[in-house]
Amino acid sequence: MGMSAEKKLGRNDPCWCGCGKKYKACHEEFDRKLENLRNQKHIVPARKLIKTPEQIAKIREACKVNVEVLDTVASKICAGMSTEEIDRIVYETTTKYHAIPAPLNYEGFPKSVCTSINDAVCHGIPSPDEILQDGDIINVDCSTILDGYFADSSRMFMIGNVSPEARKLVETVKDCMYKGLEQVKPWGFLGDMGQAVHDMARANGYSVVREIGGHGVGCEFHEDPWVSYVSKKGTEMVMAPGLMFTIEPMINAGRPEIFIDEENNWTVYTEDGSLSAQWEIQVLVTEDGAEVLSW
Ligand code: MF3
Ligand code: CO
């Protein structure tokens, strides 16, 4: 027997997703499919990870703010600006929309956004002493809470004239993310997406960070599942419609090993000092494919 924490509904009961339809007209078949997959030893999402129409509507609004914040950063970022100024732009734009920057005070993180330059992989802390230089590549990772719902996405920016190597890394990592997105479809596996990302990164001579991954998102900042970008096709969680997660591979020009800054206990760097890039989108698995909610 499949072990399930979820309550069994009668076919004429209202569906658990809150759509107002009867269970038999809504998620009954969905639950049967998941049960079969679970019996075949696949990892299936708990019901609480499947977003209801109401939750999706709320998350969509949070995502609109997050996109607006990153668009604002994109329009202003330039050489000579400090990462502290990026933090201020993020804080002011987010709060203008009555939203909260999710990183601020998250597990003690002191700022509203992560800014990670060159060999910084992720979780860079904005500072007035850190000035963007011509040739830098930087990831700006924004997360927004609106009305209790969460958005999370990040983009790379190239400051002034960057080297051909840096440009190729930034552009290829974006392509890797979208290659992964092509694999997001109902009843596929997260590993299909992870392998697509990894294969493309490797084909370009890059390495994918193994220890830090993506995550479920929407009702909380970080929900299950944890999402790897070095996973294998046909493995990891089933992408049931309503599952929402980030695609946010961290990809290094050199070796995959990383270390955490001992001074601040946050910023992650490449061990070999090579450049690292990351893009992040927030994705919803739909009945017929995928929808990108934040980018
Ligand atoms: N935005 C990051 C993510 O994708 C999380 C940053 S948490 C922080 O999970 F506290 F460092 F901001
Ligand atoms: Co994230």
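Ligand 1 takes up the space of the largest pocket. A pocket here is an open set of points on a 1 Å grid over the protein atoms alone, with protein on both sides within 12 Å along at least five of seven lines. The model is predicted, so local features need pLDDT of at least 70 and side-chain atom pairs pLDDT 80 or more, while totals for chains, interfaces and linings use all residues. Residues are numbered from 1 along each chain as its sequence is written, ligands are numbered from 1 in the order in which they are written, and side-chain values use heavy atoms, without hydrogens and water.

Around ligand 1 there are 14 residues, each with a heavy atom within 4 Å of it. The closest are Pro103, Asp141, Asp152, His222 and Glu248. By class, the shell holds 6 nonpolar, 4 polar and 4 charged residues; Asp, Glu, Lys and Arg count as charged, Ala, Val, Leu, Ile, Met, Phe, Trp, Tyr, Cys and Pro as nonpolar, and the others, Gly among them, as polar.

Polar contacts are pairs of N or O atoms within 3.5 Å. The side chain of Asp141 has an N or O atom 3.0 Å from a nitrogen atom of ligand 1. Glu280 places a polar side-chain atom 3.4 Å from an oxygen atom of ligand 1. Of the 330 Å² of accessible area that ligand 1 has on its own, the protein covers 95% (Shrake-Rupley method, 1.4 Å probe).

Asp152 and Glu280 also coordinate the cobalt ion, ligand 2, together with His215 (NE2) and Glu248, at 2.1 to 2.3 Å. Donors are N, O and S atoms within 2.8 Å of the metal, or 3.2 Å for Na, K and Ca; water is not among the atoms, so sites may look incomplete. Because His215 lies in strand β7 (residues 214-216) and Glu280 in the loop between β13 (276-278) and β14 (281-285), the pair ties together parts 65 residues apart in sequence.

Notes: Polar contact = N/O pair within 3.5 Å; in protein donor to acceptor, adjacent residues only side chain to side chain. 1 Å grid on protein atoms, 1.4 Å probe; cavity = no way out; pocket = protein on both sides within 12 Å on 5 of 7 lines; lining within 4 Å. Sits in = over half its atoms within 2 Å of the grid points. Helix = DSSP H or I, 4+ residues; strand = E, 2+ residues; numbered from the N terminus.
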